[in-house]
Protein chains: 2
Amino acid sequence: MEKIAEKKKAILESTLKLVKENGFHGTPMSQVAKKAGVAAGTIYHYFDSKDTLIMELYLYTQYRVLDAMRENSREDMDYKTLFFSNWMSRCQFYIENPDALCFMEQFVNSPYNNRCSREQNERFQKEVLQFIERGIEQKYLKPMNQRLMCIMMHSTALTAAKIQLAGQVSLGEEELQQLAQMVWDGIKLN
Amino acid sequence: MEKIAEKKKAILESTLKLVKENGFHGTPMSQVAKKAGVAAGTIYHYFDSKDTLIMELYLYTQYRVLDAMRENSREDMDYKTLFFSNWMSRCQFYIENPDALCFMEQFVNSPYNNRCSREQNERFQKEVLQFIERGIEQKYLKPMNQRLMCIMMHSTALTAAKIQLAGQVSLGEEELQQLAQMVWDGIKLN
DNA sequence: CGCGACCGAATGAACGTTCAATAGACAATA
DNA sequence: TATTGTCTATTGAACGTTCATTCGGTCGCG
């Protein structure tokens, strides 16, 4: 991730928090400015409009997720371990960053997402997709539509985080492992 | 579901469509009124405010999902068949009602959801939760946290619908079955 | 001086909501 | 049957507020 001016970062992070608490509407630029400790006009020094601020925040957050996943995985891990690591990283990231989870979910289901170029989304998925392709080639996974496998990985991790945050269940490391195991059982070969 | 005045229904359904296309913000009451073929003031005859309109739309949609699931299940089905039926119904409902999917996802991740009483959400989950409890008691499912099982069912069905609608993959009946099978494999006992 | 970062009051458009007025349905009265 | 009163459903112009965005100006640094 390239370097980001301090104020720009402050604006991004303030927006994240406020969107979680108040939603897209309900988050006026004036409030973002206040929370970020800058003047209203300053935001427009870094972003063309509220819309582009939101878009950039989306990309910024995508990178943070990818980074989190890469951070916990090492070259020497075997396939299954890597799978668990990826699943857990993603889940943990969202649990540790509820603001991000909330924002991302709101974003992808909003009309903003359509305005977002398809390539941007593809780039994000490519890494996961390749990982799954490899699993099929090397006979770890059922030979199935790779996108479907993505569903299993992504949606379960995300929803686990959501449920955890909703306070309906408290999921310890152990239970997260169990969940990952369920997913693995669902897609592994045999 | 109790009878709903025609205009009220028109308002609800217009809101659903508009929220999908334009998001919560971006959907002014004036537009809702226009699409529903009523005057702006009429909305306030049926709903106290924009917020309560959105809340009621949420409950209304929840019932439609439950109804869809019940419609396709019969008393004489065995457990596994019932499981598949429920999963598929939910998935199909969202595929056939993309507006509803979009709206629900935006809603649950928005601050509206916090303002919604916990009971309302509980009531919706209760039926699924009981179904899973029964599966564990009767040794069809792994003896695990029932909420986690819910995650598997709910999130995968939902995400399958999402992916389908994003046009990334076209999922036929067959592929949906495969997905349901994956979920089943992940949670069944043995 | 010149330039980019930054400020924040001002602006104008958009929005949620209100309300006085109207129309229609129904019942009671004469 | 005609008349009156009441209540609900509906209208849409008007109101007051809020918000995204602008812009003239300040500051500090090279």
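**Close-up views of a predicted protein–DNA model**

View 1. Across the interface of chain A and chain B, nine residue pairs are found in polar contact, with both residues of each pair at pLDDT 80 or more. The model shown here, in this view and in those that follow, is a predicted one. The elements of chain A that each give two or more residues to the side touching chain B are α1 (6-22), α6 (98-108), α8 (118-137), α9 (146-166) and α10 (173-187). Of the side of chain A that touches chain B, the largest share comes from α9(A), which supplies 11 residues. Sorted by class, the residues on this side of chain A divide into 17 nonpolar, 14 polar and nine charged. The interface of chain A and chain B also holds four salt bridges, and in one salt bridge the side chains of Asp185(A) and Lys142(B) meet with an N to O distance of 3.0 Å.

**View 2. Extent of the contact between chain A and chain B.** Chain A brings 40 residues to the contact, and chain B likewise brings 40 residues. Between them, chain A and chain B bury an area of about 3,400 Å², of which 64% is given by carbon and sulfur atoms. Within the area that chain A buries against chain B, His25(A), Asn109(A) and Met182(A) supply 19%, which is more than any other three residues.

**View 3. The two domains of chain A and the surface between them.** The domain assignment divides chain A into domain 1 (1-47) and domain 2 (57-187), and the C-alpha centres of these two domains of chain A lie 27 Å apart. In the contact between them, 12 residues of domain 1 of chain A meet 15 residues of domain 2 of chain A. The two domains of chain A bury about 1,200 Å² between them, with 75% of this area on carbon and sulfur atoms.

**View 4. Polar and charged pairs between the domains of chain A.** Two residue pairs are in polar contact across the interface of domain 1 of chain A and domain 2 of chain A, both at pLDDT 80 or more, and one salt bridge is found across this interface of the two domains. Asp99(A) forms a salt bridge with Lys20(A), in which the closest N and O atoms are 3.9 Å apart. By class, the side of domain 1 of chain A that touches domain 2 of chain A consists of six nonpolar, two polar and four charged residues.

**View 5. The protein surface around DNA strand C.** DNA strand C has 14 residues around it, of which Thr42(A), Tyr46(A), Met29(B), Tyr44(B) and Lys50(B) come nearest. Among the atoms of DNA strand C that are within 4 Å of the protein, 81% belong to sugar or phosphate, and the rest belong to bases. A phosphate oxygen of DNA strand C lies 2.9 Å from an N or O atom in the side chain of His45(A), and from chain B an N or O atom in the side chain of Tyr44(B) is 2.6 Å from a phosphate oxygen of DNA strand C. A base is also reached, in that a base nitrogen of DNA strand C is 3.3 Å from a backbone N or O atom of Gly41(A). The largest share of the surface near DNA strand C comes from α3(A), with five residues, and the surface as a whole has seven nonpolar, five polar and two charged residues.

**View 6. The protein surface around DNA strand D.** DNA strand D is surrounded by 14 residues, and the closest of them are Met29(A), Lys50(A), Thr42(B), His45(B) and Tyr46(B). Of the atoms of DNA strand D that come within 4 Å of the protein, sugar and phosphate account for 77%. From chain A, a polar backbone atom of Met29(A) is 2.5 Å from a phosphate oxygen of DNA strand D. From chain B, a polar side-chain atom of Thr42(B) lies 2.4 Å from a phosphate oxygen of DNA strand D, and a polar side-chain atom of Tyr46(B) lies 2.5 Å from a phosphate oxygen of DNA strand D. The elements giving two or more residues to the surface near DNA strand D are α3 (40-46) of chain A and α3 (40-46) of chain B, and the largest share, four residues, comes from α3(B). By class, the surface near DNA strand D has six nonpolar, six polar and two charged residues.

Conventions. Residues numbered from 1 in each chain as written. Chains lettered and ligands numbered in written order. Predicted model: local features only at pLDDT ≥ 70, side-chain atom pairs only at ≥ 80, totals over all residues. Heavy atoms only, no water. Near = heavy atom within 4 Å. Polar contact = N/O pair within 3.5 Å; in protein donor to acceptor, adjacent residues only side chain to side chain. Nonpolar A, V, L, I, M, F, W, Y, C, P; charged D, E, K, R; others polar. Domains from an automatic or database assignment. Contact = heavy atoms within 4.5 Å. Buried area = accessible area lost by both parts, 1.4 Å probe.
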